[in-house]
Amino acid sequence: MYTIAFMNDQIRHTEGGSPAAETVRTGCGGARSTRAIVLSWAAVAAWAVFIFCMSTNTGTSLEHGGSVVSQIFQWLKSLQAQALGPGVDVVNPAAHFCEYAVFGALLANAWRFLAPLGHGGVQTDCCSVNRADARTRAPGVRGCVSCARSRGSRSSVRVSWRAVLLAVACASLYGVTDELHQYFVPGRACDPADWLVDTCGAVLGAMLLKALASFFVARTKKRA
């Protein structure tokens with residue numbers, strides 16, 4: 001009886017049916033949190049709606065309206081006139097740049113789940129090497145699980161160049177539709193220069209997120 005039970009236990013460990021082996025496969029597989037993915041794309045959608053709503057403001061409502069956005073716009077315009085003169089406009093390009101800098105960062109954050117680093121990045125670690133050992137020996141299981149926990153936390157915040165490029169491309173395409181939308185809004189115009197400013201803002205936002213993620217990973221690695 002004891003011999004049969006021991007053999008069955010060995011078969012379960014060899015086939016990877018043990019809870020420890022399941023933990024190893026889950027940790028080493030790099031499974032992404034569905035909740036994090038949904039929240040990140042929800043933030044992208046919310047900011048896209050915000051940009052759309054800002055573009056629906058007519059020139060008259062911005063210049064003479066009583067809303068909070070109009071009041072801020074008029075205050076910035078007065079500061080601009082005092083500092084640079086009435087013929088210079090930096091408020092509108094700055095607003096476009098800031099809007100799309102945030103948009104680019106949000107898009108890069110969302111795309112990092114769907115465009116990972118790949119086999120050349122941190123996903124290829126000791127877990128893939130020790131997977132067979134982890135299924136057969138308890139020490140290997142413990143080592144691989146700890147490796148997955150330490151490296152998985154760092155790889156989950158990394159932003160690949162693919163994610164950055166996809167973020168900039170999506171933000172730039174949305175900028176085109178935003179300018180076309182403004183063409184039909186009274187007092188607004190479809191300006192290719194604004195689209196260029198939008199794209200530059202998206203580049204800066206995505207790059208800043210990548211830099212911050214790389215800094216966080218390096219700092220975490222030093223502590224480990």
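**Helices, contacts and surface of a predicted model**

Trp47 is partly exposed, with a relative accessible area of 24%; in this scheme, residues under 20% are buried, those over 50% are exposed and those in between are partly exposed (1.4 Å probe, protein chains only). The model is predicted: local features need a pLDDT of at least 70, side-chain atom pairs count only at pLDDT 80 or more, and totals for chains, interfaces and linings use all residues. Residues are numbered from 1 along each chain as its sequence is written, and side-chain values use heavy atoms, with hydrogens and water left out.

The confidence of the prediction was examined next. The mean pLDDT (the predictor's confidence in each residue, from 0 to 100) of the protein is 75, and a value of 70 or more is reached by 67% of the residues. Residues 10-30 have a pLDDT that stays under 50, and for this stretch the model has 22 contacts (heavy atoms within 4.5 Å) beyond four places in sequence. The pLDDT is also below 50 over residues 119-138, a stretch with 25 contacts in the model beyond near neighbours in sequence. Where pLDDT is low, the predicted coordinates should not be read in detail.

In secondary structure, the protein has 10 helices and 0 strands, where helices (H or I, at least four residues) and strands (E, at least two) are DSSP runs numbered from the N terminus. Read from the N terminus on, the elements run α-α-α-α-α-α-α-α-α-α. Among contacts between residues at least 6 apart in sequence, 74% join residues at least 24 apart. Of the 224 residues of the protein, 30% count as buried.

Ser40 is placed in helix H3, which covers residues 34-55, and counts as buried because its relative accessibility is 5%. When residues up to four places away in sequence are not counted, Ser40 touches Asn109, Ala110 and Phe113. Trp47 also lies in helix H3. From Trp47 to Tyr100 the C-alpha to C-alpha distance is 9.4 Å, although the two are 53 residues apart in sequence.

Pro93 belongs to helix H6 (residues 91-114) and is partly exposed, at 29% relative accessibility. Pro93 and Gly201 are 108 residues apart along the chain, and their C-alpha atoms are separated by 10.0 Å. Helix H9, spanning residues 161-183, contains Cys170, which is partly exposed because its relative accessible area is 28%. Cys170 touches Leu107 and Trp111, not counting residues up to four places away in sequence. A separation of 9.8 Å is found between the C-alpha atoms of Cys170 and Ala108, which are 62 residues apart along the chain.

Other cysteines were considered together with a search for disulfides. Cys98 counts as partly exposed, at 48% relative accessibility, and Cys200 counts as partly exposed at 40%. A search of the whole structure finds 0 disulfides, each being defined as a pair of cysteine sulfur atoms within 2.5 Å.

The protein exposes about 13,400 Å², of which carbon and sulfur atoms supply 68%; accessible areas come from the Shrake-Rupley method with a 1.4 Å probe, and for residues only the protein chains shown count as cover. A nonpolar patch on the surface is formed by Val68, Ile72, Trp75, Leu76 and Leu79, which together have about 480 Å² of accessible area. Patches are made of residues with over 30% relative accessible area and no salt bridge, joining like charges within 9 Å and nonpolar side chains (Val, Leu, Ile, Met, Phe, Trp, Tyr) within 5 Å; a salt bridge is a side-chain nitrogen of Lys or Arg within 4 Å of a carboxyl oxygen of Asp or Glu. Leu79, a member of this patch, is located in helix H5 (residues 68-84) and is partly exposed, with a relative accessible area of 37%.
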